Amino acid sequence: MDRAILHSDINSCYASVERLYRPELSDKPFAVCGSQERRHGIVLAKSDNAKRAGVKTGMTIWQAKQLCPELQIVEPHFDRYIKYADMVREIYGEYTDMCEPFGIDESWLDITNCLACPDPVKTANEIRERVRRETGLTVSIGVSWNKVMAKLGSDYKKPNAVTVIDREHFRELVWPLPASDMLMVGRSAQRELGRMGIRTIGELARTDSELLRARFGKSGLTLWRYANGMDSSRVRRLGEEEPPQSIGNSTTLPQDIENFKQARAVLLALADGVGSRLRRQKLMCRTVEIGVRGTDLRWKSHRMRLRHATDVTNELAACAAQLLRQCHEFPGPLHSIGIRALELVHADCDEQIDIFIDYVNLNRQRSIDAAMDKIRQKYGDNSICRASLLDESALWEGGKCSFYRPEYNSPIELS
C-alpha cells in the first residue's frame with residue numbers, strides 16, 4: 001500500500017506574519033528586507049502584489065524598487081516567524097508525530113497509519129482551514145505517496161490550496177514542470193542540466209541515468225529517481241534530527257575586509273561558531289571549505305582534506321586561513337566570507353595515531369574550547385571571545401566577535 005505523505009508550506013511566511021502585525025500593509029506591495037546599514041539589504045520575503053511586479057527573493061533593495069517603485073520596506077522580526085512556525089507545527093502534531101521540518105516554514109507529515117486520518121485529502125483541507133482560523137496564516141499542502149512529489153504538490157498551486165499528485169497521473173502533472181521546481185535542483189544543477197538540453201522534469205526522467213551519474217555523480221542518479229517518482233526516504237518523527245551533511249557559518253560584514261589580518265580575525269570568529277556546533281553535536285570534520293565573495297559579488301570556494309578529523313576551533317581557523325591564501329590575493333577587498341565543515345564523523349570514532357601531531361597541545365585546545373562552550377551556554381553566545389579578535393572589533397557592530405546561526409539554518413525564506 002502506498003504511503004500518505006503531506007507537505008505543508010506556510011505561504012510567504014515572513015510577509016504573512018508581518019501583515020498580521022501591520023494590517024495597513026494588506027493591500028500594499030511590501031518586502032521584508034535585511035539591514036542596508038549592515039549590508040544585508042536583500043529581499044527575504046515579499047507580498048503577492050510585489051511578486052507580481054517582478055520582485056524576487058534575494059534581490060537587492062534597489063533592484064526591487066526599480067521593478068516596484070511603490071514598494072515598502074519592512075524590517076525582519078525572526079522571533080515572530082519562529083513563534084508562528086512553532087504554532088503551525090503544533091497543529092501538525094495533533095495529527096501525527098511523524099512531522100519533519102524543512103526549514104522554518106515547511107514540514108512533511110506522514111499520516112499513512114493514522115486512524116484519525118483515513119482520508120489524506122480531507123485531512124489536508126482540515127489542516128489548511130485550522131491554520132488559517134487559529135493563526136491567521138495560510139498554507140499550501142501537497143498530498144502524494146512520497147516526500148518529493150508531496151513537495152511538488154505544495155509548490156504547484158498557491159496560496160491556501162491542496163494539490164494531489166497520485167502515482168497513476170503524476171507524469172501528466174509533474175513532467176511538464178521546469179526541472180528547477182524539483183527538490184535538489186539548485187541554480188548550479190539547473191545550469192548544468194540546461195547545458196545538457198534538459199529543461200523539464202520529464203526530460204530529466206527520460207535521460208539515461210548513467211549519463212546523469214557521469215555528469216553529477218551519485219546525485220545524478222538521485223535526480224533521475226526523483227523525476228521518475230522514486231523516493232523511499234522516510235518522514236522523521238518530531239524531535240528526531242537528520243544527521244547533518246555539513247556545518248557552516250558565513251557573514252557579510254558592515255565594511256569590506258581589506259587585508260589578510262582582518263580576514264584571519266573573521267575566519268577565527270566564524271570557526272568559533274562552526275567548532276561550537278560540531279562539539280555540541282559530538283561531531284568532527286575531515287574536510288574544511290571556505291567561500292569568499294569579492295566586490296563583484298561572485299562566490300568562489302576552496303577546500304582541503306585534513307590529516308585527522310577535528311572539532312578544534314584553532315585548527316579549523318588555521319586551515320581556513322591557509323585556504324584563503326590559496327584562493328584570494330590581497331589587495332582585493334572581500335565582501336563576504338564563510339567556512340564549512342564537511343565529511344563529518346562521530347567524535348568517538350577510531351582515529352589512526354599520527355606521531356607528528358602534538359596531542360598534548362591538541363587536548364589543551366579542546367579543554368579551552370569546552371570551557372568557552374560552557375560559559376556561552378550559561379551566559380550567552382557573546383559573553384566571551386578570544387583576545388586576538390579585539391583588535392579587529394571595529395569590523396563588526398557592538399564589539400561582538402562570534403557569528404552563530406539561529407535555530408533554523410537559514411534566515412532567508414526560499415518560497
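Buried means under 20% relative accessible area, exposed over 50%, and partly exposed in between. The views below come from a predicted model.

**View A. Helices H1 and H4 cross at roughly 100°.** The axes of the two helices come within 10 Å. H1 and H4 are therefore roughly perpendicular to each other, since angles of 65 to 115 degrees fall in that class. On the H1 side the contact is made by Tyr14, Val17, Glu18, Leu20 and Tyr21. These residues meet Phe78, Arg80, Tyr81, Lys83 and Tyr84 of H4. By class, the contact of H1 with H4 has seven nonpolar and three charged residues, and no polar ones. Ring pairs link Tyr14, Phe78 and Tyr81 into a cluster.

**View B. Tyr21 and Tyr84 form one of seven aromatic pairs in the structure.** The ring centres of Tyr21 and Tyr84 are 6.4 Å apart and the planes stand at 80°, so the pair is edge-to-face. The cut-offs behind this are centres within 6.5 Å for a pair and planes over 60 degrees apart for edge-to-face. The pair links distant parts of the chain, with Tyr21 in helix H1 (residues 13-21) and Tyr84 in helix H4 (residues 78-93), 63 residues apart. Tyr21 has a relative accessible area of 36% and is therefore partly exposed. Tyr84, at 12% relative accessibility, counts as buried.

**View C. Phe170 and Trp175 make an edge-to-face pair.** The centres of the two rings lie 6.3 Å apart, and the planes are at 90°, so the pair is edge-to-face. Both Phe170 and Trp175 are buried.

**View D. Two charged side chains sit over aromatic rings, those of Lys147 and Arg325.** The charged end of Lys147 is over the ring of Trp108, 4.5 Å from the ring centre. For Arg325 the ring is that of Phe260, and the charged end is 3.7 Å from the centre.

**View E. A cis peptide bond joins Lys158 and Pro159.** Omega of this bond is about -5°. Pro159 belongs to the loop between helix H6 (147-156) and strand S8 (162-164). Pro159 is also touched by Asp48, which has a further contact with Ser12, not counting residues up to four places away in sequence. Asp48 itself is in helix H2 (residues 48-52) and is partly exposed, with a relative accessible area of 40%. The C-alpha atoms of Asp48 and Ala15 are separated by 9.0 Å, while the two residues are 33 residues apart along the chain.

**View F. Met184 has a positive phi although it is not a glycine.** The phi angle of Met184 is about 85°. Met184 is placed in the loop between helix H7 (170-174) and helix H8 (187-195). Its relative accessibility of 43% makes Met184 partly exposed.

**View G. Glu343 also has a positive phi without being a glycine.** Here phi is about 50°. Glu343 is found in strand S12 (residues 334-346). With a relative accessible area of 36%, Glu343 is partly exposed.

Terms used
Residues numbered from 1 in each chain as written. Predicted model: local features only at pLDDT ≥ 70, side-chain atom pairs only at ≥ 80, totals over all residues. Heavy atoms only, no water. Phe/Tyr/Trp six-rings, centres within 6.5 Å; stacked < 30°, edge-to-face > 60°. Helix = DSSP H or I, 4+ residues; strand = E, 2+ residues; numbered from the N terminus. Buried < 20%, exposed > 50% of the residue type's maximum accessible area, 1.4 Å probe, protein only. Lys NZ or Arg CZ within 6 Å of the ring centre and 35° of its normal. Contact = heavy atoms within 4.5 Å. Axes fitted to C-alpha atoms, helices over the stretch in contact; angles between N-to-C directions. Parallel < 35°, antiparallel > 145°, perpendicular 65-115°, else oblique. Nonpolar A, V, L, I, M, F, W, Y, C, P; charged D, E, K, R; others polar.
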